[in-house]
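I opened my notebook to record what I looked up in this structure, one topic at a time.

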Amino acid sequence: MSARTQQSQPSGEAVHRAGFACFVGRPNAGKSTLTNALVGKKVAITADQPQTTRHTVRGIVHRDDAQLILVDTPGLHKPRTLLGERLNDVVRTTWAEVDVIGFCLPANEKLGPGDRFIAKELASIKKTPKIAIVTKTDLVDSKQLAEQLIAIDQLGKELGFQWAEIIPVSAVGDKQVGLLADLIVPLLPEGPALYPEGDLTDEPEQVMVAELIREAALEGVRDELPHSIAVVVEEMLPREDRPADKPLLDIHAFVYIERPSQKGIIIGPKGKRLKDVGIKSRKQIEALLGTPVYLDLHVKVAKDWQRDPRQLRKLGF
Ligand SMILES: Nc1nc2c(ncn2[C@@H]2O[C@H](COP(=O)(O)OP(=O)(O)OP(=O)(O)O)[C@@H](O)[C@H]2O)c(=O)[nH]1
Ligand SMILES: [Mg+2]
């Protein structure tokens, strides 16, 4: 038992802690994958492309001794659009509010200007403990990992602060994920649970459904197209006149893109790609909601929405 735990348990009674930890880092660092691994369920979509997450996603970890609320954030990056600026603002607001900051750095990429930029900003948040999380350790050998750990330790020293912890994890390989939670929990304030037992996220269903569609739509698209895609669920309604034991949920959703020229790529030859997106996301939506779903997908152009304040508002940014 650590000195810290002993101190906070004068009467020998078990202490309960509850609080917030955010994951921040460059796009594609593995923040959302790690959030899902800790929660034990997909609450945030992930993709092999930068800037997948576009809003803060709360994932809740329930333990006997604590409730840990993880706040997954969009990757902090050099913004090129109004959307990018808004996403960065969301990250900065989040890290100012949480109890613990987890800075995610992929093991397989040398520290770069993007990481230094973020670390510098973190250094100015003096009151909040900062854990450096080296992600994707399954992709490197022990030598490369050791070098990364040293570089991160050095980075903290250069910027004049001490990491509360530096921990290597693999969300995909399920390495040290539980240990990460063990390290965060003692840094949370004492207090009762903030969310009901069993809640894994506070994301509205409609948002989760839209995200699952976007995740399926992101698969296999490249260059600028991933950034151009936005998904909005317009309506979710139980189909009328269905027998009680055979319900069907009608979901109507729009996949937005920015230019007419992108339409063909999203829809694919003879509509095959869009159909595949529908099949793939429908399976996940049905698993999420626990009911059969009829998914109606339409593609629409919202011209240059990433740079247009009015369109951004309409799309929920
Ligand atoms: N091999 C390996 N790949 C990982 C691991 N964690 C994440 N990835 C992959 O890295 C890519 C990015 O993961 P995300 O979790 O979406 O990254 P993110 O930091 O949330 O990205 P943004 O939302 O764009 O900021 C995906 O292809 C993941 O499958 C890991 O532990 N091991
Ligand atoms: Mg993400």
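Predicted model: local features only at pLDDT ≥ 70, side-chain atom pairs only at ≥ 80, totals over all residues.

**Aromatic rings, then the ligand**

I looked for aromatic pairs and found that the structure holds 4 of them, where rings of Phe, Tyr and Trp (its six-membered ring) pair if their centres lie within 6.5 Å, and planes under 30 degrees apart count as stacked, over 60 as edge-to-face and the rest as tilted. For Phe161 and Trp163 I noted ring centres 4.8 Å apart and planes at 75°, so this pair is edge-to-face. Both Phe161 and Trp163 are buried, meaning under 20% relative accessible area with a 1.4 Å probe and protein chains only.

Residues are numbered from 1 along each chain as its sequence is written, ligands are numbered from 1 in the order in which they are written, and side-chain values use heavy atoms, with hydrogens and water left out.

Turning to ligand 1, I found 22 residues around it, each with a heavy atom within 4 Å; the closest are Lys31, Thr33, Gln51, Thr52 and Asp138. I then checked polar contacts, which are pairs of N or O atoms within 3.5 Å. An N or O atom in the side chain of Thr53 is 2.8 Å from an oxygen atom of ligand 1, and a backbone N or O atom of Val172 lies 3.1 Å from a ligand 1 oxygen atom.

Key. Polar contact = N/O pair within 3.5 Å; in protein donor to acceptor, adjacent residues only side chain to side chain. Buried < 20%, exposed > 50% of the residue type's maximum accessible area, 1.4 Å probe, protein only.
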